[in-house]
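Hi everyone, thanks for making time.

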Amino acid sequence: MGISPYAGKIAPQHLLTNIPRLISSYYTQIPDTDDPTNLVSFGTSGHRGSSLSNSFNEQHILAIAQAITEYRKGVNITGPLFIGMDTHALSEPAMRTCIEVFAAAGVECVIQAPQIEADPSDIGYTPTPVISHAILAWNKKQAKDKGESDGIVITPSHNPPEDGGIKYNPPHGGPASPETTKAIQTRANELIRSGISSVKRIPFKRALKALTTRAYDYVIPYVNDLKNVIDMEIIRNSDLKIGVDPMGGSGLAYWEPISSIYGLKNLVVVNKRIDPAFGFMSVDKDGKIRMDCSSPYAMAGLLDMKNNYDISFGNDTDFDRHGIVTPEGLMNPNAYLAVAIKYLFTNREWDRNCKIGKTLVSSSMINRVAKGIEREVCEVPVGFKWFVDGLLDGSFGFGGEESAGASFLRRNGTVWTTDKDGIIMDLLAAELTAHTGKNPAQHYKELVSLYGEPFYARMDAPAAPEQKSKLSKLSPEAVKADNLAGEVITAKLTNAPGNNAPIDGLKVETQNGWFAARPSGTENVYKIYAESFISEKHLKMIQSEAQEIVNEAIS
């Protein structure tokens, strides 16, 4: 696909979502139960869709909220349900629907306290990592006496403005397991097929006043605790010029308290707009508005200011991803993960046995860095849920994904969050710059001089549904090739080496390169991730031969 003529430019009017039509469709459209795309489907990050395509409507949320209520009862979760939402237009109506169902069921739910004094019904925005942090804080101190807590976040992450999403985090604070999401999905679809007749709800105003609905300020407890995961003092003393672009997301209200509480006088929030149409955004590569902080096109506004700051950063709409900008430009997510890992594991007094968690489609630069600092890597399938247990018990010091999502332990080696936290990844970039006198891009240049330069890319290849199904169930023996792009194949993997979990696809490795192929969950394509430590030309050879290898295996 070519680059859109609008890429990197402020979105023109005709690309903006019609918000009244979007909200109207949420309340008026009814899912077609004979159409699979109209049913609830929990992927790696919850259920996502749009009211305009009949995949995220009030009936979906009524059903999901009821299914979560029943699931909690079935597994005896009796503590509060912490609820957050982002700034997408569909998030607030979905939040209101959820509160109506939870209040009717007597579920204690905790929402962000009003942030607009004139409107007591206002519900503030709450980032994904803050919900994880709140769940863990409650369960550490109060679960024994008042029951375990869990949470939901209403967000489609960095998706376009017309999308909505909802995800469930059980008492461990991180993304739910496939078993849990399957149970919620199955029950929700049963309810939709029955016409939602058994779902009880009460009017929103009454639900807000219910004894079980509690307003809480998520902001200050989270911000006050940051000093226990980030060296905020060294940032303050450095007088770094820091630029912040919340990209219209749920973390906007967090930066002023961070600046005030920790004395970061040179921290500037460059964009304070909240707009459900995201009309201030520059358009992504494909011509869509997407709050993707790893895209130079979506981050064009902050990149224009890169020379004004020593370090700057942006986040996606629910703040579980990070985009790091230095005077050299926007860092590749894989590059920053490698830099963050080396810094953390050489500057934190963590247990020598705690591991580095990475997805098997993240850069092998991480493996080379880990070998250099004598730390073990645990390579897992795609999805942050695979890092939850390790972060929870401290056996993983760090867990990170190639898609710019990561979290890590507190400075004392205990759990911080078990979901991705873009805020601490932002502040870590400031900490390491202040501590070392070099920004993350300069550190990465040093890693390249030590371990070689990786060339990394992701692409799509066409595949029919039956081919995608076959790819997800391949065995290593299905790969007949012995060589890849001029090198001997050293590994053929269909299970992750770190935990032996199925990767729902294939990974093939050589000494200086690899590729991984996974079927798309929404399109008739499979995704090819590839990397070469030789050259861009070698990367293209890997990509080309990867398609031949995969197509032969699934034909």
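Which backbone oxygen lies 2.8 Å from a polar atom of the side chain of Ser50? The backbone oxygen of Glu162 does. Before going on, a word on the basis: this is a predicted model, where local features need pLDDT of at least 70, side-chain atom pairs count only at pLDDT 80 or more, and totals for chains, interfaces and linings use all residues. Residues are numbered from 1 along each chain as its sequence is written, and side-chain values use heavy atoms, with hydrogens and water left out.

Back to Ser50. Its relative accessibility is 6%, so Ser50 counts as buried (under 20% relative accessible area, 1.4 Å probe, protein chains only). Leaving out residues up to four places away in sequence, Ser50 touches Leu22, Phe56 and Asp163, among others; contact here means heavy atoms within 4.5 Å.

Now the cores. The largest nonpolar core has 74 residues, and Trp255, Ile258, Phe398 and Phe408 touch the most other members. By nonpolar core I mean a set of buried Ala, Val, Leu, Ile, Met, Phe, Trp, Tyr and Cys residues joined through side-chain atoms within 4.5 Å. A second, separate core of 47 residues includes Tyr26, Ala67, Ile184 and Phe204. As for Trp255, its contacts include Val244, Leu267, Phe313 and Asp426, again not counting residues up to four places away in sequence.

That's my tour, from Ser50, with Glu162's backbone oxygen 2.8 Å from a polar side-chain atom, out to the 74-residue core. Happy to take questions!

How values were computed
Buried < 20%, exposed > 50% of the residue type's maximum accessible area, 1.4 Å probe, protein only. Polar contact = N/O pair within 3.5 Å; in protein donor to acceptor, adjacent residues only side chain to side chain.
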